[in-house]
Structure formats: structure tokens, C-alpha cells
There are 2 protein chains.
Amino acid sequence: MKALTINNINPHVKAAKYAVRGELAVKSEEYRARLARGEKGDLPFDTIIPANIGNPQQLDQKPLTFFRQVASLIENPLLLEHEDVLRNGLGYKQDVIDRARKLLKDVGSVGAYSQSQGSPAVREEVAKYIERRDGFPADPANIFLSAGASSGVNALLHIICENEKSGVLVPIPQYPLYTATLSVLNAQAVPYYLDESTHWGTSLEDIKAGYDKAVAEGIDVRAIVVINPGNPTGASLSSEDIHSVLRFAAEKNLVVMADEVYQTNVFSGKFISFKKALRELQQEEPGKYDELELASLHSISKGMVGECGHRGGYYEMVGFDPEVKAEIYKFVSIQLCAPVIGQCFVEMMVNPPKEGEPSYALYKEEHDGIYKSYHERAMALFEAFKKMEGVECASPAGSMYLFPTITLPEKAIQQAEKEGRKPDEFYTLRMLDATGVCTVPGSGFGQRDGTWHFRTTFLAPGTEWIGRIVEFHRKFMDEFR
Amino acid sequence: MKALTINNINPHVKAAKYAVRGELAVKSEEYRARLARGEKGDLPFDTIIPANIGNPQQLDQKPLTFFRQVASLIENPLLLEHEDVLRNGLGYKQDVIDRARKLLKDVGSVGAYSQSQGSPAVREEVAKYIERRDGFPADPANIFLSAGASSGVNALLHIICENEKSGVLVPIPQYPLYTATLSVLNAQAVPYYLDESTHWGTSLEDIKAGYDKAVAEGIDVRAIVVINPGNPTGASLSSEDIHSVLRFAAEKNLVVMADEVYQTNVFSGKFISFKKALRELQQEEPGKYDELELASLHSISKGMVGECGHRGGYYEMVGFDPEVKAEIYKFVSIQLCAPVIGQCFVEMMVNPPKEGEPSYALYKEEHDGIYKSYHERAMALFEAFKKMEGVECASPAGSMYLFPTITLPEKAIQQAEKEGRKPDEFYTLRMLDATGVCTVPGSGFGQRDGTWHFRTTFLAPGTEWIGRIVEFHRKFMDEFR
């Protein structure tokens, strides 16, 4: 007899759902392995396109040269004894060498644990970045470095949720890290719907509706999550939307969790941080927002940095009670610290080469090239969606995703039911089997009843794979017409 | 009004204790910052010795050259376009270059997320290592790569604990990761005492006593944790001890969690893995141990590698139900993957340069030098403890710690009580204030009632700091005589 079976393990882990790396992703990995072994067989494609997850370097995006040159020196500080060779033999610029020396002075060795909260010197740079970005000061003591934003979300939700009555307002659709973590914690995800008709903006009405319903059910709603720019929606929130969320949070005494990992992936308008919006409100209406608690998260995985595998990020905790912060500190201590080389990437993200510095020209060229190619790919995909029958999509505004609605034929819905699947699961599975393109069904993020979507990144190079989707969709619609 | 206060946050996080980075560690960091600012004032020491945590590279241990050379190339693959410069200008050997190419082929880019379970190629190398170590095969599908062993423990306990009645047998004294994580999970740590009189061996009698008491209290005991070599005890378990734990686990249907992160830090006898012992038992008594579930954990943070800051590790899951493994997979997916450069360090740890390869001589010299210096430092500290009044310590056998008993004068115990502290807390705080040496009181790990201990690493170079402890102790004893 096994001590553990599916029937006696932690039911809250069992209940958690995380479709981004769920059935489709596992199946696509199997296909990839088959193709790699030369066992194509009857697979109707030669390559797998992992459009299920924002993982740019898996899709051949080149890392930023400055970042990786510095990282190579931090990993092997003995190289710094050969500055001549670095400069003349390998083309390392002086600012690369200087930055490596600075970071090594700051962290000691990247092989040593840092302080639980992260290297003080890196946190100082983060605070300076936030100050430059927002025009309002930030305190390094409020910055926590984390292993990607995910581990920050995990830590924050661990503190926020007191018991099974504790609820957190979560946008629908949402990146499922939130619902999954709340499930593991046996706390309540309180859904509020984003408004597809306004390019997935936040609707105060819908937030209130979600909140009121939860309160009526006896849920102790404690926090509201906002993802801006949006994941999976690709939306970019207006200053009005942000202000109304902050006003609502202050009125209802809610912690605001602002997931701002896509803050530099913005194609229309300008990113406005929740921190800046909060400080402005505090100036406009003195006294009214002094108690508001805001945690805002950022990451090296997204933006033009795209260093997912290095697991780096930070969160700023504004307005939290010092005793509560001390408990977060203890909680993160149990896992010792965030990866230290990841902390160094955070430092470089918030403090990249500046104009006039030797590495600036190349950094700028690479950075702008990535930005431009994201925008172009997003537009190419968006144009393709416009031409697909029954597909509607908001124009690309931010993040790394598009999240089109699909109107599926009745016959397809019936066939899905026969196979025990949700219609969008059925559709995306068919897409994977036909094209090798792995996406995530809308049901993995949540969506209004009776609507169906899928999320795709626009990171894959070229347009050939977009053609595969278009052709698949045409055949799918014909098959079930 | 704050949404969160110390009185309404998650009570299970609040209840968790993690003394390794607790009050003393925080105070020592403050001292360090003061000294760094040149504000020594009346501090009676010039340096802080962080002997509270096994963090070798914080104490100036040089990383293994091969590992860091490879890491530098993986971080900046463009360097591989200059093999000539690497070889002739920087002294990189061919096997460094080859290993970097192999790892890059395996993981793609270290800036990309890997599979949730870790890179398949790295897991294959881990399986081969286990096979070489034990003489029994291992399956890469059973290997999970993790961010240090800590995140593996976190994942495993998350699955094992079903509800607040679920209990896990934990050695006392123990590394507090276990009790802290169980506390966060609102599950029960079921203590079993290690036997100080047999150099902190496991006593079957004490395990049974702990188990029976818990069962009598209605606890559903599901697993037993063994830390071998011991943390904080520095013990190294005999084959008899290991066999009796496995027999007991099989009899009571318990999952065995073998924390074997110090498997290469062994000074007396030979390390025997739980996996090997299990396979031997299975051969000796066919059928009897087939269902036993064993998870064994390893890490790049310890051993002679000491790459704590890179957060790498693995666990092997032997005998687990596939459905249970799938839930672990889902759980780790939510945090995406372990740091990929850390995964590469795991690969190098399990597959270091071999005899005949160009980097072998230097690797061997560095590796053996670290091993020897650990042993020497442990012995120097042990010899000092022998001479200290009221201090008794088992001879160094493994891991990175010594855990002496201290018999404190009655007056010291009274003074501690007056200050609202446990006597060993009082003692170690006094030690920090007098010497700058930061240790951890035995109460941070658990100990038998009425006994007092402290844990110190023996990683700090030189013996000057040992002299500080000796002098402090003499004065302390005089003061409270």
C-alpha cells in the first residue's frame, strides 16, 4: 500500500489548476521530443511553436549583450584579472568591466546566499529606478528581491490569507498563478470580470459586483489583484481605471497587488504605475490614502530583458505595517534567498547602460530591436485574427499576448462535449495536433460563461506559424460547419 | 486602518519559526553594516563571523574554477566564438569549452524557462550519478530539479500534508526548514529525539515513542524526515540506523524524506544513501519494501561545491504513485522552474571533471583542499570546545556544523529568565555582542528539555575567531559563577 495516493494528498494542491503548463504543454513537449528523436511519423508539422508561455529565449530571442557580458564576469571573477584580453580579445567595454566589479563588490560572490530580502545594494538601485520612473521616492527597505514575480506573489498571498474565508479579488481572465496559489492556500479567489468591450479594461461596476457577491457569501475580501499590462488580455490600463481601483481599495480597506511585470511591454499609450497613481491621489486628496497597502511586482522575465530562466524579480511594499513586513521577511527567509545572479540581472534591468556609456549604443539597438519586433509580430498576428471567421481580438496594447474570442460552430461544441472537453480546450488541442502551435485555452484563465478564447504569445519569429493557425482555423470551421 | 495587521495575517506563517535567519542573524547584519560604515564605536570586535549558516562563499571560500569557467561561457555563449582567446588568453581548458557547449545544447539558453521538472538532459546526468553512487539504477523521470533542497522540501511537504491532522516525524534537533514549513502548512511536526549519547544517531525507540504519542493524539503520521549527515548535529548515520528507519517506515506506511545535502561532507565512515539502503533491503527481503516511498534531496549549496546563491538542487522520488508525482509536477509548475544556471551547476556537481580530463588536476586540488580545510577547521573547533568548561561536543563526523551542549551556570539561567530569553538564546546573544560571532541557539532546532546547545558552522577561515569564542566563554562562566 502506498502512503500517498491521489485520494489522500493535499486536496488544495489537487484542486489547483495551472493550464499554462498543463495538458497541452505536456503534449507539445512529447511532440517536441518525438521530432527531436527523428520520429515524425504522421505528425503534420516539423516544429513545435511554444506559444503557451512568455519565454522569449526559448524562441531564439538573443539576450541583451551587456547583461550577459557582465554575468560572465560575475560568474568567473578571475576573468577580471585579464582586462586587456577582455577588452582587446573579446570586445568587452569598460562599463561592462566596471559593472561587474561593482556587482561583485555589492554581492560578494554570486555563490553565497544574500540577505533574505535580497542584496541591499541591488535594492537601492531598484528604489532609484522606481523614483526615476514615478517621480516619487522609494525606500530600499520596502523592496524584496524574489525568484521571478511568481515567488513574490506566493509570499504576499501567504501573508494576506488568514483562513478559508479570506478572499482576494482576481481579474477574470487572469494569469492562473493567482487562482492556483489561492487554491493551494485554501483561500478564496473572488472573480471580477474585465470588460472585453473596452479592450479588457477594469470596470468598477464589475469589481463592485464581485466584491459585493463575495461579502454576501461571508467572504472576508482583503486584497485586489490587478495585472497591468494585462495577462492574458494584452490590455494596458488607463489612468482612470487605475485611480478607480485605488479609490475602491481605499474605501473597502483592500491591499492592492499590482502585477506590473509587463511595464515596458506597452505599445499604445504610456505605462502608469500603481505606485505613481497612489502618490498622486495622496497629493490630490491628502489623508485619504495614507493607510493604503500596495505591493507592486516586477520581473526580469519579461520586458526586453526576457531572462525567465534566471528567476529574478522584485516587489515593493508600500504602506504595510512593519510587523507585517517582518512576517514576510521571515517567510522568505525559510527559503533563504532569491538566486543571486538573478538579483544581479534585476540590478542591470533597473540600471541599464546610459547614454554616453560605451555599451549604450549596442544596448539601445538590441532593446529597440526587440521592442519593434514584438510590436510587428503582435500586429501580424492581430491582422491574421481579423481575417479569421468568428475570431475577434482587441488591438495589441501591451504584454506579450493576444487573447482573441472565438465563436465556435455548434457542431464543434457538441463534439467537444462528446470528448468531455470544454470547447476552447477542444479547439486548442486540435490546433496543437494540426499545427504544432501550443496555445492555452481561455478556460485556463477564466472567461465569461458561454464565451471562448485562447491565449497566444506573439514571440515566435517569422509569420509561417501564423499561417499554420490560419489554415487550421479555416479547416476547423469547414469541418464543423 | 491597515488591511493587514499582525493580528489578522495568516496565523500559520506567524507561528513559523526560523532561527537560522532570526533575531541574531538580523542583529549581526546590523553590526556588519555599522562596521562597514566605519561606526565601530564601542563594539568589541572588528569583524562579524557569520557562523549561523552554511554559506561558504560568504566566508571567502573560492568557488571551484571549472564550475565558474563553464558558467561564464553559458552566461555569455558569444565567448565560444573566441576559442583561441579562451584557451590562450584566459587559460580555459578544452573540457571547459566542451562542457559549456554541451550544457547550452541541453538547456538552450539559461535565460529561458526549462521544463517545470528541470532540463531532461540534466536529470539524465543526475540519474547516472545516483547509479554510480549506489550501484542501482535511477530514472530521470523520477528526478525533479529544484531551487536548492529547500524548495524541494517545500514541494514534498505540500503534497504529503492533507490537513491539520497530517503529521511528519521530524528529528529533534532538526534544521528548522521542516518545522517552519509544516507550521505554514498547518500540519503537525511530530518530534522524535536523536540520541546525543550515540553521537546523535537515530534511536528506533525514540522514533517509536514519537510516533505512538502522535497516533494516540489522533495525528495521521505520514512521513519521516531524516537528515544525514546531520544538521545541526554533524552526525553521520550508520547503515543499521538507516535500515531501521526504512523498516519502521515500511511497517507504518510512511514516506521517507531523506535530506542528504551533506552527502559529500563526511569525515568519518562512508556516506550511505537511503536509496541504496532501500534497494539492498528490497533485495534481501523481496516484496516487503516494494511500496515504500522515498524522496531523497541533494543540493549544490553544500559539499565542496558550496554554490548556495545559485539555488540549485534535486530530489529523487522513488516508489511514488504516478498520480501523486503528477500533482508534484503541477505544484512546481506554478512557480515555472528552478533557476536554469543552478540546474547547470547541478549537472557539474554530479558530473565533475574526471581523471584524464584537462581540468581534473585543478578540480581535484581545489576539491580536496576544501575538504581538508573543513576537516581541519572542524577539528580545531572541536579541540577548543573540549577545553571549554561545561561544553561537550560529539567529534566531527559530517555536514558543516558542530552542535555542542553547554551546561550553563544557574545564575546565567536566572539572568536569561529575567530578560525573557531561553538560556541558550541568552548565551548566543551575549556571544554575538562580545565577539561578533553569530551562531544559532539550540532552541532554534529543538533539544531535550533542560539541555542547551548552540550550532556553529566551522567554515570561517583561521582560528582567531575560535579564540574569541573561548575567551567569551571563559568570561561568561566567570561572570555567572
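The model is predicted; local features need pLDDT of at least 70 and side-chain atom pairs pLDDT 80 or more, while totals for chains, interfaces and linings use all residues. Residues are numbered from 1 along each chain as written, chains are lettered from A in the order written, and side-chain values use heavy atoms, without hydrogens or water.

Then colour chain A by domain (bounds from an automatic or database assignment): domain 1 (11-60 + 366-480), domain 2 (65-104) and domain 3 (113-350).

Keep domains 2 and 3 of chain A in view. Between them about 890 Å² is buried, 71% of it from carbon and sulfur atoms (accessible area, 1.4 Å probe, lost on being put together, summed over both parts). A:Phe67, A:Arg68 and A:Leu103 supply 55% of the area that domain 2 buries against domain 3, more than any other three residues.

Zoom in on A:Arg68, whose side chain forms a salt bridge with that of A:Glu307 (2.8 Å, N to O); the term denotes a side-chain nitrogen of Lys or Arg within 4 Å of a carboxyl oxygen of Asp or Glu. The rule finds four salt bridges across this domain interface.

Definitions and conventions: Buried area is the accessible area (1.4 Å probe) that two parts lose on being put together, summed over both.
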